[in-house]
Amino acid sequence: MPRAATPAAAPAAPTPAARPQGIAIAPSHAGAAPAGETGDLTADAWLELVAGSQLNGPSKQLAAHSAFISYQHGVLKLAISPGFEYLSSDRSQAALIAALTGPLGQAPRLVIDTGAAGAETLHQRADRQRGERQTAAEAAFMADPSVQLLVQQHGARVVADSIRPFEE
């Protein structure tokens with residue numbers, strides 16, 4: 001029985017080395033310093049960390065009203081605005097430390113000063129962003145040709161604080 005001709009095989013592309021199934025292989029970090037030992041936490045990273053945390057109650061408020069100062073050698077320095085010192089209870093600090101232990105790779109030593117810091121707090125950032133969305137919504141509304149027509153031809157007035165962004 002005649003054999004069917006087999007098509008010529010294309011040259012084999014180089015394949016990566018086979019890896020055992022079910023084992024996650026990550027780059028080796030042997031000898032790497034734990035997170036924060038090199039000061040790699042920044043004010044923006046702090047805000048994202050707090051926003052994404054599972055904190056709630058007083059510990060969430062403590063984190064949201066705390067501005068990042070620094071994180072070096074396992075010491076996290078924060079500044080809390082005057083008037084919010086009551087949020088810094090031992091229980092709130094313990095919950096904050098517990099929540100940060102995983103993302104930072106170690107339990108940080110927490111130092112909270114009272115006063116203004118150069119960075120904004122999560123609470124301040126939320127207020128600023130809310131104001132920016134409000135300003136953009138008002139500008140978009142007032143730029144609408146229909147609104148301009150009503151104002152110019154019919155003497156319509158826009159009631160202050162009646163415009164809201166879609167998200168709210």
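Here is a short chat about a predicted model, its sheet and one glycine.

Student: What is the mean pLDDT of the protein?
Tutor: The mean is 79, and 76% of the residues reach 70 or more. Keep in mind that this is a predicted model.

Student: Where is the pLDDT below 50?
Tutor: Over residues 1-38. Beyond near neighbours in sequence, that stretch has 15 contacts in the model. Where pLDDT is low, the predicted coordinates should not be read in detail.

Student: On to the sheet. What is the strand order?
Tutor: S1-S2-S3, in an open sheet of three strands with mixed pairing.

Student: Which strands stand at the edges?
Tutor: Strand S1 (66-72) and strand S3 (109-114). Each has a single partner strand, so one side of each has no neighbour in the sheet. From one strand to the next, the twist averages 20°.

Student: How many bridges join S2 to S3?
Tutor: Six, and the two strands run parallel. S2 covers residues 75-80. One of its residues, Val 75, has Arg 109 in S3 as its bridge partner.

Student: Which helix packs on the sheet?
Tutor: Helix H3, residues 90-104. H3 touches S1, S2 and S3, and its direction makes about 125° with that of S3.

Student: New topic. Where does Gly 115 lie?
Tutor: In the loop between S3 and helix H4 (122-143).

Student: Is Gly 115 buried or exposed?
Tutor: Gly 115 is buried, because its relative accessible area is 18%, and buried means under 20%.

Student: What is Gly 115 in contact with, leaving aside its neighbours within four places in sequence?
Tutor: Ala 79, Ile 80, Ser 81 and Pro 82.

Student: And how far is Glu 85 from Gly 115?
Tutor: They are 30 residues apart in sequence, and 9.7 Å apart in space, C-alpha to C-alpha.

How values were computed:
Residues are numbered from 1 along each chain as its sequence is written. This is a predicted model: local features need pLDDT of at least 70, side-chain atom pairs count only at pLDDT 80 or more; totals for chains, interfaces and linings use all residues. Side-chain values use heavy atoms; hydrogens and water are left out. Two strands pair if DSSP finds at least two bridges between them. Helices (H or I, at least four residues) and strands (E, at least two) are DSSP runs, numbered from the N terminus. Axes are lines fitted to C-alpha atoms, for helices over the stretch in contact, and angles run from 0 to 180 degrees between N-to-C directions. Contact means heavy atoms within 4.5 Å. pLDDT is the predictor's confidence in each residue, from 0 to 100. Buried means under 20% relative accessible area, exposed over 50%, partly exposed in between (1.4 Å probe, protein chains only).
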